[in-house]
Amino acid sequence: MSPLLPGSWVLAPAMLAIGAIAVAIVAGVLLARRRARLAARTLVYGVTVLAVLATLTSGGLHAYVALPWLAVLIVAGLMFRLRESVPVCLVAVLTAFFIEIWRAVVNPLPALWAIREPPLGMTFSITALLAVVLLHLSVQQTIERRIAAALSNAEKERDRRIMLDQAQELHLMFGGLPVAVALYDADAVLRYANDPYLSLLGKTLPECLAHSMTDLWPRRASMLAAPHFATAARGKPGTYSFSFTLPDGTTREFDVFVAPTTPGEDGRFDSLVLMLDRTDSLRMERALAERETMYSAVVDHAPIAILTQVDGLISYANPAALMMLSAEWSGRAVGRPFSEFIIEADRAAVRDRIAMLADAPGFAEFRHHRLVALNSQVRDVELAAISVTRDGKQLVELFCVDVTERRLTEEKVRQLNETLELRVAERTAELEAFTTSVSHDLRAPARQVMSAADIMLRKLEQPDGNVKPMLTALHATAERMNRTIDALLELSRLGRAGIVQSVWPLGVMVEEIRSELSADLHSRNLVWRIEALPRVYADPQLIRMVMVNLIGNALKFTRHKPMSIIEIWSEEFEHMTAVCVRDNGAGFDMNNVDKLFQMFTRLHSNRDFEGTGVGLAHCRRIIERHGGKISAYGEPGQGATVRFTLPREIRREPPAARTQQ
């Protein structure tokens, strides 16, 4: 035992004694006022606090403290509910347990006061007295509770019978209504509810009468309704909306009206409740709003022009329509009749057809029309219209599809088809010429070879037979056949060759060709007149074939002239470059100029000038594949001029230069 502090042996017991007296006095006063439950709680909690103080100040738990404390806790377990008695007992047990653990392990508690252990009889008497008092309070509390419950049940049963009688009367008034109706008193206790209201709760009227709104409805619904019931109790109506899940699992939306009725003796009003189910109407409104939103989104982003006309004037035009009409903003199109944008020839017919739709609902397809935009640009459109009724007015919805590009494409396709037909005709003519050439230029040499071979066989039988002249003629015939075959192969290669265009100097190429072709013609009197030639934009390999053919023809057809003159020059135009080759040779009759560029066609006999008749046809095909044209002019004995054109290079300006312009 720790040494006593000075004066503590008097102070600590005195404080505990005063506390015990105070607890006893308070409990007695409460008991005298017939508050047994509150008196019992005062004794239990007061004795518990005093026991804890006595344990802490006396150095540990002693028998004279433990026994009364235990008796109080046992009776508390009998008197109180489980949720109240268990925490009290746990606090007592844990407090005593930790005090003793501290005392045994860490350090003994300081004893502020110490007395000898009192006699067992005194401890037993105090414990028994406390137990008897608490048991008496417990019994009295139980009796009072049962009496109060019996009285309350009797009053509730009486009130319930009265409410049932009143409900029968109210049912005559509200029972046949299709809306949910209920009557609550000023304290929000149900007095009547019709069948639609009871179906929301999933209960019968006897089950619901005399129950408060918070007992009948879920917490969220009751909390939402409570302020409005309080307002109605003061004589002011209220309205609110809420969603509620029915017993079958469906969720419904309600508008609730709470109106005050007759006032009571205390001046507070009963509440009449009407619940209107707006679920279907709200769903329709939401579906309509979603439909309107979807319609607006579809119309605003539609790739076709959509316009609305009311009373003969445009009231709406979507962005595609504004773009079609070249209107920067809707004000330039709205307020004008749509027929103003149709060309004059069709304007009256379109105006009358729209007027007919405005008078009689229906659908009309106007088909193809021409539309004049605000910037005077004419567009090809396909027009359709439908008449609808909205907000009591007859609207005409116009749908326009811009088919300008499609018609241009169709026109291009038509032109291409015509060009294709011309090309097919040309290829057919070439094929016919090819067949004629094969049958003439190849079969005739073949017959000559066979005839020469037959003559040589007969001469070989003669002693003095000389076959050298026949072999020479046979060799010439074979060379002619070989040239024809080479021309056919060249024609086939040209048809498969692609065009790779670039910019290169034509003058350098002409000089190279002149040197190559005139290398073996030193015995001839040749005069070359070649002007400065430009750089051209073309395929160098194919244009070389053209120049070789033209310069070679000029050399060939001037061989019988005492002085051969060959001129080459060029002419520059805005989009084209023309190249001309002239000679003073044999020339040709202009009546046969159309045959000059045909395949396998020759205007001179093979005895005068050798050839296959495909050179100029090659040139025409090459020039036309470049996008140019080739022509010729000549006079018999006066020479000929061949002229071809090539498109100039398309120079694309850089973006910065175009922006500055």
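User: How many cavities of 30 Å³ or more does the structure hold?

Analyst: This is a predicted model, and the structure holds 1 cavity of 30 Å³ or more. The largest cavity has a volume of about 80 Å³.

User: What makes it a cavity?

Analyst: A cavity is a set of points where a 1.4 Å probe fits but cannot get out. The space of about 80 Å³ is listed as the largest cavity, so a probe placed there fits but cannot get out.

User: Which residues line the largest cavity?

Analyst: The lining includes Tyr184, Tyr197, Met213, Trp217 and Val256. Elements that each supply at least two residues are α9 (219-233), β3 (238-245) and β5 (269-277). Helix α9 gives the most, with 3 residues.

User: What describes the packing of α16 and α17?

Analyst: The axes of helix α16 (residues 540-557) and helix α17 (residues 615-625) come within 9 Å and cross at roughly 145 degrees. The crossing of α16 past α17 is left-handed.

User: Which residues make that contact, and of what classes are they?

Analyst: On α16 they include Leu542, Met545 and Asn553, and on α17 they include Gly615, Cys619 and Ile623. The residues of this contact divide into 9 nonpolar, 3 polar and no charged.

User: What is the order of the strands in the open sheet?

Analyst: The order of the 5 strands is β12-β14-β15-β17-β16, and the pairing is mixed.

User: Why are β12 and β16 said to stand at the edges?

Analyst: β12 (526-530) and β16 (630-635) each have a single partner strand, so one side of each is left without a neighbour in the sheet. From one strand to the next, the twist averages 10 degrees.

User: How do you know that β15 and β17 pair?

Analyst: Two strands pair if there are at least two bridges between them. Strand β15 (residues 576-583) and strand β17 (residues 639-647) have 8 bridges in the antiparallel sense, so they meet the rule. In one of these bridges, Val579 has Phe644 of β17 as its partner.

User: Which strands does α16 touch?

Analyst: Helix α16 packs on the sheet and touches β12, β14 (564-572), β15 and β17. The direction of α16 makes about 170 degrees with that of β17.

Notes
Residues are numbered from 1 along each chain as its sequence is written. This is a predicted model: local features need pLDDT of at least 70, side-chain atom pairs count only at pLDDT 80 or more; totals for chains, interfaces and linings use all residues. Side-chain values use heavy atoms; hydrogens and water are left out. Axes are lines fitted to C-alpha atoms, for helices over the stretch in contact, and angles run from 0 to 180 degrees between N-to-C directions. Helices (H or I, at least four residues) and strands (E, at least two) are DSSP runs, numbered from the N terminus. A crossing is left-handed if the near helix is turned anticlockwise from the far one by less than a right angle, and right-handed if clockwise. Contact means heavy atoms within 4.5 Å. Ala, Val, Leu, Ile, Met, Phe, Trp, Tyr, Cys and Pro count as nonpolar, Asp, Glu, Lys and Arg as charged, and the others, Gly among them, as polar. On a 1 Å grid over the protein atoms alone, a cavity is a set of points where a 1.4 Å probe fits but cannot get out, and a pocket is an open set with protein on both sides within 12 Å along at least five of seven lines; lining residues have an atom within 4 Å of a point. Grid points are joined across faces, edges and corners, and a volume is the space filled by probe spheres set on the points.
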